[in-house]
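Here is a quick walk through the side-chain contacts of one chain. Have the coordinates open and follow along.

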Amino acid sequence: QLQLVESGGGLVQVGGSLRLSCTASGRTVTGYTMGWFRQAPGKEREFVSAISWSGTRTGARDSLKDRFIVSRENTKNMVYLQMDSLKPEDTAVYSCYAKRVIPPLREYWGQGTQVTVSS
């Protein structure tokens, strides 16, 4: 079983930055793609960004590519999301996930961390 715990959320002003962290425990993250989703109040959860287990490939929502950067440190079992130039519409609960891409397939989610951008 893989446990994921997010941290780094909080209240920030428009234009500010935050760095979210996700710590994995319970087993190695080797073979897991990891990334982030977010869910704003009254809206569906949406994909934010992901990174391959080797860290060589990343993907992000088109509208966020210029402001959000995902990275990981496998030696620390951690994945990060650097968020810059934050906007009020970025306000959401950000959740970390890990998806094993080789058999046996597995998927795990964290509880989420609140990000609030005030104008």
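## The aromatic cluster

Phe37, Phe47, Tyr97 and Trp109 are joined into a cluster by ring pairs. Keep in mind that you are looking at a predicted model.

How are the rings of Phe37 and Phe47 arranged? Their planes stand at 75° with the centres 5.6 Å apart, so this is an edge-to-face pair. Phe37 sits in strand E4 and Phe47 in strand E5 (residues 46-51), so to speak two distant parts of the chain linked across ten residues. As for cover, Phe37 has 19% relative accessibility and counts as buried, because the cut-off is under 20%. Phe47, at 26%, counts as partly exposed.

## Another ring pair

The structure has five aromatic pairs in total. One of them brings together Tyr32 and Tyr108: with ring centres 6.2 Å apart and planes at 45°, the pair is tilted. Here too, distant parts of the chain are linked, with Tyr32 in strand E4 (residues 32-39) and Tyr108 in strand E10 (residues 106-109), 76 residues apart. Are these two tyrosines buried or exposed? Both Tyr32 and Tyr108 are buried.

## Charges over rings

Two arginines are worth a look next. Arg45 lies over the face of Trp109, 4.0 Å from the ring centre.

## The disulfide

How many disulfides are there? The count comes to one, and its partners are Cys22 and Cys96, with sulfur atoms 2.1 Å apart. The link between Cys22 and Cys96 is left-handed, at -80° about the S-S bond. Cys22 lies in strand E3 (residues 18-25) and Cys96 in strand E9 (residues 92-100), so the bond ties together parts that are 74 residues apart in sequence.

Neither end shows at the surface: Cys22 is buried at 0% relative accessibility, and Cys96 is buried with a relative accessible area of 0%.

Side chains of opposite charge can pair when their charged atoms come close.

Arg38 meets Glu46 in a salt bridge, 2.6 Å from N to O. At 8% relative accessibility, Arg38 counts as buried, whereas Glu46, at 22%, is partly exposed. Arg38 also meets Asp90 in a salt bridge, this time at 3.0 Å from N to O. That pair links distant parts of the chain: Asp90 is in the loop between strand E8 (78-83) and E9, Arg38 is in strand E4, and 52 residues separate them. Both Asp90 and Arg38 are buried.

## One more salt bridge

Glu73 forms a salt bridge with Lys76, and their closest N and O atoms are 3.8 Å apart. Glu73 counts as partly exposed, at 29% relative accessibility.

## A nonpolar patch

Which residues make the nonpolar patch? Trp53, Val101 and Ile102 do, and the patch covers about 270 Å². Trp53 is placed in the loop between E5 and strand E6 (58-60). With a relative accessible area of 39%, Trp53 is partly exposed.

## A glycine in a loop

Last stop: Gly31, found in the loop between E3 and E4. Gly31 is buried, with a relative accessible area of 3%. Gly31 and Asp62 are 31 residues apart in sequence, and their C-alpha atoms are 25 Å apart in space.

Methods:
Residues numbered from 1 in each chain as written. Predicted model: local features only at pLDDT ≥ 70, side-chain atom pairs only at ≥ 80, totals over all residues. Heavy atoms only, no water. Disulfide = S-S within 2.5 Å. Helix = DSSP H or I, 4+ residues; strand = E, 2+ residues; numbered from the N terminus. Buried < 20%, exposed > 50% of the residue type's maximum accessible area, 1.4 Å probe, protein only. Phe/Tyr/Trp six-rings, centres within 6.5 Å; stacked < 30°, edge-to-face > 60°. Lys NZ or Arg CZ within 6 Å of the ring centre and 35° of its normal. Patch = residues over 30% accessible without salt bridge, like charges linked within 9 Å, V, L, I, M, F, W, Y side chains within 5 Å. Areas by Shrake-Rupley, 256 points an atom, 1.4 Å probe, with all protein chains shown as cover. Salt bridge = Lys/Arg side-chain N within 4 Å of Asp/Glu carboxyl O.
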